[in-house]
Amino acid sequence: MSADRVNIADRLTETAARLGDRIALCVPRNGSPVDYDRYSFATIEREANRYAAGLAELGIGAGTRTLLAVKPGFDLIVLTFALFKTGAAPVLIDPGMGKRNLLDCVARSKPEAMVGIPKAFVARLLYPTTFATVKRTVTVGRRWLWGGATARELARRPDATFAPLATKAADLAAILFTTGSTGPPKGVLYTHAMFDAQLRLIRDHYGVSDDDVDYPAFPLFALFSIALGMRVVIPVMDFTRPASVDPQKVVDAVIGEKVTFTFGSPAIWKKVSCYCADRKIVLPTLRRVLMAGAPVAAEIHRRLLGGILPDGAVTHTPFGATESLPVADITGAQVLAETADATAKGKGVCVGLPLPGFTFRIAPVADGPFVSWADAIEQPTGAIGEIMVTGPTVAPGYFDDEANTRLHNVTDPDGRLWRRMGDVGYLDDRGRLWFCGRKGHRVVMGDRTLYTIPVEAIFNAHPLAARTALVGVGEKGAQTPVLVVEPEEGVALDKTTVA
């Protein structure tokens, strides 16, 4: 076997061979956090092989861009691995970005095939131009008027084995669209090597093992967990609105299934930690809580580590982006002991040291592309600039988007690819990275610039403010800073309140 051969689906095959009939996946029945359909590692591998054989027979194979529009759970996991096995590239779009952005992402990804639930095919009938490039279809559920194959038809195939395509490290494995929360969504090119590097980082840095039980509040993380041998418990929640989660359902699942590991939005753990603290609820098996997607308030760490989690448990805030994740990490204990006071004083949010294999560079803030490496002048320690990173999970670019690829990527004289993350921050004298906000959100007032995270942290400390947002009004370069305040629940703000 070639040393350059990498197919991320091989990780599932290896894990299934090792763990066989052990439970890999728990999918809630009828929205219940205590009643599950359970699937073994062997079952997931077998079904992925059967689907892969059927997909290959339909002509969905090497490099086929395949829009995957199914709900989190068994179908998403099995079909994604099946597509990896055939060498196809699943196109994964966050449905929470809104209809207009979602349809735009579909059109820009130019999918050649589509595997989805009936609702997705209704959208195809309503917006035929958007889906014009789709030539092969598989319906997961009841097929109505649109033709094509069904998942049930593929699953009837007797094939219990399927030889995955011998893809190479640099081959396209998937297209993952950014959420669009900080600009138009973009289709990130993921290679098999990137996925493999992410698996190794998660396994080695966070020390996961076959004995772990994962509660993934980011749906795609379930793929990593199963490939690594963790049992996965699918949450009962709207993944597009994490702050709306029912905390009692989280508690029921974590305690009932003896969950040891979770990765999700801080919005979830703000709500769940308050709920548990108010009721003196302990989550006795939960030993690692990873939070990402937004800055994590020190109070969340403090509540979780102050009695909700067992002795020896660890909270983490991994840092990165869809185009490069994870690249840095810091624990909640480190935040509380070393950095929280500085954050509250407007120094930014410390996201920790680079993970093994990664290097940061702080460059001058620039809105246009770097013409050459000479533009990426390294800034001195403590100076705020644009965060750049190089390492094994840095994406090579965006699908069919040369302008954004050129804007965000630059190569150094040694041939290493660096990504401009679109964030601003600085490195301290210990090599730790401090995050100060998105580059596009900075407020430029002539010769002075304000960065969102340092400013908002000061005002977020007000007891009546749930959160704040710094925005600039007017033309960049002569903006007026304005603070938007969301009050705590039940608080009505007026001029006299904030005074």
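**Strands, helices and a buried Asp**

Biologist: From what number do residues count along each chain?

Modeller: This is a predicted model, where local features need pLDDT of at least 70, side-chain atom pairs count only at pLDDT 80 or more, and totals for chains, interfaces and linings use all residues. Side-chain values use heavy atoms, leaving out hydrogens and water, and along each chain, as its sequence is written, residues are numbered from 1.

Biologist: Which are the edge strands of the open sheet of seven strands?

Modeller: Strands (E, at least two residues) and helices (H or I, at least four) are DSSP runs, numbered from the N terminus. The order across this sheet is E7-E6-E5-E3-E4-E8-E9, with mixed pairing. Two of these strands pair on one side only, the edge strands E7 (149-150) and E9 (187-191).

Biologist: How many of the 17 residues of H2 are buried?

Modeller: Helix H2 covers residues 41-57 and reaches 24 Å from its first C-alpha to its last, close to the expected 24 Å; the expected span is 1.5 Å times one less than the number of residues. Buried means under 20% relative accessible area, exposed over 50%, and partly exposed in between (1.4 Å probe, protein chains only). H2 is mostly covered, and its buried residues number 13.

Biologist: Is Asp 412 buried or exposed?

Modeller: Asp 412 sits in the loop between strand E20 (409-411) and strand E21 (417-427). Its relative accessibility is 6%, so Asp 412 counts as buried.

Biologist: Which side chain does Asp 412 join through a polar contact of 2.9 Å?

Modeller: Beyond its neighbours within four places in sequence, Asp 412 is in contact (heavy atoms within 4.5 Å) with Trp 373 and Trp 418. A polar contact is a pair of N or O atoms within 3.5 Å; within protein, one must be able to donate a hydrogen and the other to accept it, and residues adjacent in sequence count only if both atoms are side-chain atoms. At 2.9 Å, the partner side chain is that of Trp 418.

Biologist: In E22, what is the bridge partner of Val 349?

Modeller: Strand E17 (residues 349-354) pairs with strand E22 (residues 433-438) in the antiparallel sense over three bridges. The E22 partner of Val 349 is Phe 435.

Definitions and conventions:
Two strands pair if DSSP finds at least two bridges between them.
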